[in-house]
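Hi everyone, thanks for making the time this morning.

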Amino acid sequence: HWPDRTHLVIDALTGAVPDAAGWRSTGDLARDLAVEVGRLQGVLNDSPFVPDLVALVGRAEWEAGLRDLKARLLAHGTGGLHRAIEHAAARGDLPAGTDVGEAVAALAGPLFYQRVLAHQRITDRFVAGVVERFVRADARPPGE
């Protein structure tokens, strides 16, 4: 049913991660980010495929063929965050020239650390703190 092992893994892992196809901005940066970081929280806390994802990330360091798979899974899993940041920048809620990749790293990175490296569940309080710190540090004040 799949042309090779890589396509089977892509289907299995992307199927376990809800995509952001129906994503819509609320017009509120903090709310949009909270929804998307919360979605990532749910996946990292509850998906049985987290160990597979961790193994894939590690193997991609040595197997060039897996790097594309890793990049596609990362894009799939963080697509909503990308959209939220792009829309916020277009609205002027984030400074012009905001680097979307850096912003996604600032928001998603702490969750990966908490779940993958510290082996801790990601709490709602943790997510709220990540979003609050990002908005406080990076968002433009209204009317600026």
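H5 and H6 are roughly antiparallel to each other, a label used for angles over 145 degrees, while those under 35 count as roughly parallel, 65 to 115 as roughly perpendicular and the rest as oblique. Their axes cross at roughly 155° and come within 10 Å. Those axes are lines fitted to C-alpha atoms, for helices over the stretch in contact, and the angles run from 0 to 180 degrees between N-to-C directions. As for handedness, H5 passes H6 in a right-handed crossing, meaning that the near helix is turned clockwise from the far one by less than a right angle.

Who makes this contact? On the H5 side we have Ala 103, Ala 106, Leu 107, Pro 110, Leu 111 and Gln 114, and on the H6 side Phe 126, Val 127, Val 130, Val 131 and Phe 134. Contact here means heavy atoms within 4.5 Å. By class, the contact of H5 with H6 has 10 nonpolar residues, 1 polar and no charged. For those classes, Ala, Val, Leu, Ile, Met, Phe, Trp, Tyr, Cys and Pro count as nonpolar, Asp, Glu, Lys and Arg as charged, and the others, Gly among them, as polar.

A quick word on what you are looking at: this is a predicted model, with local features needing pLDDT of at least 70 and side-chain atom pairs counting only at pLDDT 80 or more, while totals for chains, interfaces and linings use all residues. Residues are numbered from 1 along each chain as its sequence is written, and side-chain values use heavy atoms, with hydrogens and water left out.

Stepping back to the whole chain, there are 6 helices and 0 strands, where helices (H or I, at least four residues) and strands (E, at least two) are DSSP runs numbered from the N terminus. Of its 144 residues, 31% count as buried; that is under 20% relative accessible area, with exposed being over 50% and partly exposed in between (1.4 Å probe, protein chains only). Among contacts with a separation of 6 or more, 67% join residues 24 or more positions apart.

Now let's follow H5 to another partner. Helix H2, residues 29-46, packs on H5, residues 100-117, at an angle of about 25°, with the axes 10 Å apart. H2 and H5 are therefore roughly parallel to each other, and H2 passes H5 in a right-handed crossing. From H2, the contact uses Leu 33, Val 37, Leu 40, Gln 41, Leu 44 and Asn 45; from H5 it uses Leu 107, Ala 108, Leu 111, Phe 112 and Arg 115. This contact of H2 with H5 has 8 nonpolar, 2 polar and 1 charged residues.

Is Gln 41 buried or exposed? Gln 41 counts as buried, because its relative accessibility is 10%. Beyond neighbours within four places in sequence, Gln 41 is in contact with Leu 111, Ile 122, Thr 123, Asp 124 and Val 127.

H2 also packs against helix H4, residues 64-91: their axes come within 9 Å and cross at roughly 170°. H2 and H4 are therefore roughly antiparallel. The H2 residues here include Leu 29, Asp 32 and Glu 36, and the H4 residues include His 76, Gly 77, Gly 79 and Gly 80. The contact of H2 with H4 divides into 8 nonpolar, 4 polar and 4 charged residues.

Finally, some individual residues. Thr 98 sits in the loop between H4 and H5 and is partly exposed at 25% relative accessibility. Leaving out residues up to four places away in sequence, Thr 98 touches Ile 85 and Ala 103. The C-alpha atoms of Thr 98 and Ile 85 are 8.4 Å apart.

Asp 138, in H6, is partly exposed at 33%.

His 119 has a positive phi, near 55°. His 119 lies in the loop between H5 and H6 and is exposed, with a relative accessible area of 60%.

That's my tour, and I'm happy to take questions!
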